[in-house]
Amino acid sequence: MRGAVYDVVIIGAGPAGLAAALYAGRDRLKTLVLERMLPGGQINTTDRIENYPGIVRIDGPGLVEQMQEQAEVFGAEIKTGCDVARLEKPPDGNIAVHCSDETHTARAVILACGSSYRNLGVPGEEQFRAAGVSYCGTCDAPFYKGKRVVAIGGGNTAVQETLHLTKYASSVTMIHRRDEFRADKVLVEELQQKLAEPGSNLTVRYNTIVTAIMGGKKVESVRLKNVKTGREEDYPCDGVFVFVGTVPNTDFLKGFVELTDKGYIKCDFADLRTSTPGVFVAGDCRVGAAMQLATAVGDGVLAALMIEQYFRDPTWQPSFTSR
């Protein structure tokens, strides 16, 4: 069934979506936020946030609670349990947002549907999530100062994040299933330079995978397997960082906006406008996203501001840059 026409429908109630809702609500726009699960997204799994400007320390759920309250104070309506199936542009120029049991109509849409970390899929991974298993070195490296950690992966992000970990952990062991890295050459050279330093705290285990993560209340070890010899061993560590990629939550957008071959939403970096007029993007689901809390919030703010520009001049169409 169709309801009222909203000025803005925001898909996703993570930090980007909630920030957009706050700004849209303060501008007196009739705003609806649709979230398939609970507000917050991935940030809910973070037990300590220390790198958000202006807040010394808070946990993920605590920050989300405050952001949601701010958005609702200014009139944003937040609906959970709403799984968006598809979007379309009817002849009237509005945007139809089809959920499983209802359709919402909007003058503009902000896509803040986020992304999901790619999992290893091994025993212990879910058990120790936020208790020694992390997917963001930039976020969580300071919590492992002086500790032993394992970093898994071989792409650009894995190399960059692993090098960042070496600034904090006493020992970093990088686990890579191949005998050479897929990362850019300049990053591999930087990694090799770090390995060659006298007394380096970094080691690399090639041709190796993690088959299990083990411990009591927190991570205590991982089980390693050499893919060539089949040899297994239990390897002590205090933390496991998984850097095997992310998956954008954008399957429902195929054919509606332009996506990269990996599913990220293409946009103009200056205004976060997508290839479909009236549709903007914010946060981790867009191409080029920094995958950080602060930048996701900044995206949400910018997208809301750009919608105001779009409403003032519906013919406003800066040249779309397919990035």
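This is a predicted model: local features need pLDDT of at least 70, side-chain atom pairs count only at pLDDT 80 or more; totals for chains, interfaces and linings use all residues.
Biologist: Which residues have the most contacts inside the largest nonpolar core?
Modeller: Val-9, Ile-11, Leu-87, Val-109, Ile-110, Leu-111 and Leu-253 do, in a core of 60 residues. Helix α6, residues 293-312, gives the largest share of this core, with 9 residues.

Biologist: And what does Val-9 touch?
Modeller: Leaving aside residues up to four places away in sequence, Val-9 touches Leu-32, Leu-34, Val-97, His-104, Ala-106, Ala-108, Val-109 and Ile-110.

Biologist: Which residues are in the second core?
Modeller: That core is separate and has 21 residues, including Ala-141, Phe-143, Leu-202 and Val-204.

Biologist: Switching to helices. At what angle do the axes of α4 and α5 cross?
Modeller: Roughly 35°, and the axes come within 10 Å. Helix α4 covers residues 156-165 and α5 covers residues 185-196.

Biologist: Is that crossing left-handed or right-handed?
Modeller: The crossing of α4 and α5 is left-handed.

Biologist: Which residues meet there?
Modeller: From α4, Asn-156, Val-159, Gln-160 and Leu-163; from α5, Leu-187, Glu-190, Leu-191 and Lys-194. By class, that contact has 4 nonpolar, 2 polar and 2 charged residues.

Biologist: Now strand β9. Why is it largely enclosed by the rest of the structure?
Modeller: Because 4 of its 5 residues, within 148-152, are buried.

Biologist: In what sense does β9 pair with β10?
Modeller: Parallel, over 5 bridges, with β10 running through residues 171-175.

Biologist: What stands opposite Val-150?
Modeller: Thr-173 in β10.

Technical notes: Residues are numbered from 1 along each chain as its sequence is written. Side-chain values use heavy atoms; hydrogens and water are left out. A nonpolar core is a set of buried Ala, Val, Leu, Ile, Met, Phe, Trp, Tyr and Cys residues joined through side-chain atoms within 4.5 Å. Buried means under 20% relative accessible area, exposed over 50%, partly exposed in between (1.4 Å probe, protein chains only). Helices (H or I, at least four residues) and strands (E, at least two) are DSSP runs, numbered from the N terminus. Contact means heavy atoms within 4.5 Å. Axes are lines fitted to C-alpha atoms, for helices over the stretch in contact, and angles run from 0 to 180 degrees between N-to-C directions. A crossing is left-handed if the near helix is turned anticlockwise from the far one by less than a right angle, and right-handed if clockwise. Ala, Val, Leu, Ile, Met, Phe, Trp, Tyr, Cys and Pro count as nonpolar, Asp, Glu, Lys and Arg as charged, and the others, Gly among them, as polar. Two strands pair if DSSP finds at least two bridges between them.
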